[in-house]
Amino acid sequence: MPWNYIISRLAMFFVTIYIASTIVFFLPRISGQNPLEEKLLEEAARGGFLEDTQAMVEAFDEKYGFNKPVWEQYVKFMVDIVQFDLGRSIFNWPKTVNQLLAETILWTIALGLLTLIFAFIIGTLMGAILEWKRHKTFLMVLMSPILTLSAVPYYLFGLVLLLAFSFVWSIFPLFGGYSRGIAGWPDWSNWSFIGNVLWHATLPALSVVLVSLGGWAMGMRGMMVTTKGEDYMLQAEAKGLPDRVMFFRYGIRNAMLPQLTGLALQLGLIVSGLVLVEVVFSYPGVGGLLVQAIPRNDHAVIQGIVFVLALGTALATLILDLAYPLVDARIKYSQG
Amino acid sequence: MTTAEVSPTAAVNVDIHSENVLEVENLKVYYDTDAGHVKAVDDVSFTLKRGERMGLVGESGSGKTTMAMALMRLHKPPAIIAGGTVRLDGLSLLDLNEEEMRQTRLRDIALVPQGAMNSLNPVYRVRDQIIDGIKHHTDNDKMPNKAMVNERVIELLNSVGLDSNVADMYPHELSGGMKQRVALAIATSLRPKMILADEPTSALDVVVQRQIMLTLEQLQQEMQASVLLVGHDMGLMAQFADVLGVMYAGHLVEFAPIKEIFEDPKHPYTKKLISSLPDIEVKGQFTGIDGLPPTLVVPPPGCRFHPRCPIYNNDEDFRGEFADLRNGLNTDLCTTVDPHLNEIETRRWVACHMYERGS
């Protein structure tokens with residue numbers, strides 16, 4: 001792979017991130033609301049009276065530079081973001097957005113990554129087998145539940161699972177990432193804590209895996225149909241290759257290439273895809289944080305999360321673009 | 001490593017003295033459709049001797065490719081083999097189980113696919129694609145070491161006129177002619193008794209076509225393998241084949257040595273086919289065969305060719321040449337009885353009522 005491709009691809013990555021951060025900067029400002037004012041008014045409404053709201057807002061704006069011209073704020077925002085300083089949350093004062101993200105993002109990434117990989121592997125294999133053994137009618141029986149499930153939104157299916165396995169039969173917990181109120185927890189060196197976390201993660205994970213399985217399976221099945229009709233498939237059979245070799249090295253290996261593109265794109269969408277699942281299961285992830293921040297106009301938190309999402313997606317596609325020639329030799333990058 | 005070993009199960013019905021390498025008897029391949037059985041190959045019989053090169057021609061849809069695929073049992077549903085036998089060196093291919101048939105492919109009967117098609121797996125290097133055929137026909141403990149296998153790969157590539165460095169290339173880096181040479185190298189990697197070539201040079205330009213055919217001929221002679229060449233290029237057949245089979249609507253209508261069939265075609269269809277070849281002396285005149293091939297779901301009664309047959313329809317052009325035969329022909333037979341393929345002279349098989357007077 002030529003260096004000039006890598007360099008231009010990296011440049012594209014930074015341009016993407018730059019445009020994304022610019023949008024992230026301007027979006028909350030379009031709303032025209034001052035989050036602090038909102039917060040104070042809310043407090044005032046609750047407490048009945050609060051003196052000098054306006055003075056407090058002004059003092060705050062002065063301290064954090066919100067009264068400066070927009071371009072100055074923009075430059076400061078950009079300088080901060082380069083240093084990965086995403087500001088402070090107003091509603092979780094004085095925590096920084098970085099702290100909030102640090103508390104939540106690993107929960108989301110762990111759940112999202114594991115469910116994605118599970119669903120990808122099982123779904124892809126299932127789709128491949130569905131087509132490869134199409135004469136086996138019992139496999140076709142699998143199709144209708146898979147298709148039905150893939151049409152159901154995660155969070156709705158999550159609610160059904162909650163109702164069945166937590167409410168009617170109390171097999172799994174109703175909410176949370178781990179059991180609260182136990183001394184010393186969270187403690188990642190404690191096996192019973194880890195077991196507790198897995199127990200809590202089972203239903204959210206199931207709701208994602210079972211629903212997204214169908215998409216992978218259908219995509220793979222479609223690709224497998226095309227691959228099976230290729231000339232090299234007939235040639236493989238004429239070469240007297242065993243069925244297993246034809247299935248993996250000729251079938252799956254070729255049919256999987258578009259699936260990998262899908263996988264990389266999904267990697268970037270892990271966090272946003274889980275937002276509603278996290279809400280349904282009160283899971284301590286980024287999604288829950290985002291859903292709390294939006295109605296409260298907690299601009300720094302919204303900006304921070306959206307920025308991280310954009311960064312994740314851009315990074316995933318960058319890695320995919322650089323890695324694709326390794327899985328498919330036909331793709332070579334030339335100048336331009 | 002390269003000499004094929006006959007598996008114990010196969011050894012039972014091998015007749016070493018048989019000169020015929022391929023014996024096809026009453027082969028029937030039907031497509032099972034909602035409209036009924038499409039008789040793509042119906043009652044085809046022929047034999048091919050060791051080292052002999054047979055051409056198989058016919059219009060599109062005449063069943064030549066279907067038959068070739070069925071010989072290797074590579075036919076796909078809805079095609080079914082509805083009857084008949086195929087013996088390769090005495091081994092009855094249609095009676096083998098799947099695993100035995102898999103072992104037989106490439107080792108005893110190999111396929112050279114259509115030219116310049118995507119017959120190579122795009123994600124692996126040429127080397128790996130030559131090796132995997134060898135590997136899956138060799139017991140693990142008998143598999144030679146890496147250096148020897150690589151040596152064999154180079155040897156094979158050189159034998160088809162390719163450079164050693166092609167081994168490390170991917171299919172997309174090769175030209176159509178080079179890909180076809182790789183396909184030849186793969187097909188001959190286990191020195192099969194029989195090579196099936198299904199239009200190996202279609203979509204290649206004539207210069208490359210010639211090179212490929214010369215390479216195939218050279219390999220075939222060196223290995224004493226028999227070749228079945230499927231196609232519709234009569235010029236190519238005339239140059240390459242020793243014997244020619246002509247298919248029409250699922251039937252083999254004529255089978256004869258190539259020189260004789262060109263000089264003295266017996267079947268009216270063959271006659272028309274050969275006279276339709278362009279002639280440099282006669283410009284601007286295209287002769288063909290009137291009409292279209294019949295539907296194979298409900299073939300015409302009697303002889304399948306009779307609606308287009310110049311003899312049956314008493315065309316002027318054919319009156320002189322076939323006058324005697326035509327006079328003795330009971331044309332009622334043409335519309336009622338399907339003619340059998342009969343040997344009217346030594347190795348001259350023809351399926352036409354004109355030649356059946358004696359019986």
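**Close-up views of a predicted model**

**View 1. The largest nonpolar core.** In this predicted model, the largest nonpolar core comprises 99 residues, and B:Ile195, B:Leu196, B:Ala197, B:Leu228 and B:Leu229 have the most contacts inside it. At least three residues of this core come from each of domain 1 (14–241) and domain 2 (251–355) of chain B. A second, separate core has 53 residues, including A:Ala128, A:Ala217, A:Ala255 and A:Val275.

**View 2. Strand E7 of chain B and its residues.** Strand E7 (residues 194–198) of chain B is mostly covered, with five of its five residues buried. B:Met194, B:Leu196 and B:Asp198 point one way from E7(B), whereas B:Ile195 and B:Ala197 point the other way. Apart from its neighbours within four places in sequence, B:Ile195 is in contact with B:Ala110, B:Val112, B:Ala187, B:Gln220, B:Ala225 and B:Val227.

**View 3. The strands that pair with E7(B).** Strand E6 (residues 109–112) of chain B pairs with E7(B) in the parallel sense over four bridges; here B:Ile109 has B:Met194 as its bridge partner. E7(B) also runs parallel to strand E8 (residues 226–230) of chain B, to which five bridges join it. In E8(B), B:Ser226 stands opposite B:Met194. Together with helix H7 (residues 206–223) of chain B, E7(B) and E8(B) make a right-handed β-α-β unit.

**View 4. The contact between chains A and B.** Chain A contributes 18 residues to the contact and chain B contributes 23 residues. On the side of chain A that touches chain B, helix H9 (231–238) and helix H10 (243–255) of chain A are the elements that give two or more residues. H9(A) gives the most, with six residues. By class, this side of chain A has eight nonpolar, three polar and seven charged residues.

Technical notes: Residues are numbered from 1 along each chain as its sequence is written. Chains are lettered from A and ligands numbered from 1 in the order in which they are written. This is a predicted model: local features need pLDDT of at least 70, side-chain atom pairs count only at pLDDT 80 or more; totals for chains, interfaces and linings use all residues. Two residues are in contact if their C-beta atoms, placed from the backbone, lie within 7 Å. Ala, Val, Leu, Ile, Met, Phe, Trp, Tyr, Cys and Pro count as nonpolar, Asp, Glu, Lys and Arg as charged, and the others, Gly among them, as polar. A nonpolar core is a set of buried Ala, Val, Leu, Ile, Met, Phe, Trp, Tyr and Cys residues joined through C-beta atoms within 7 Å. A residue is buried if 20 or more other C-beta atoms lie within 10 Å of its own, exposed if 12 or fewer, and partly exposed in between; C-beta atoms are placed from the backbone. Domain bounds come from an automatic or database domain assignment. Two strands pair if DSSP finds at least two bridges between them. A crossover is right-handed if, with the strands pointing away from the viewer, the path from the first strand over the helix to the second runs clockwise.
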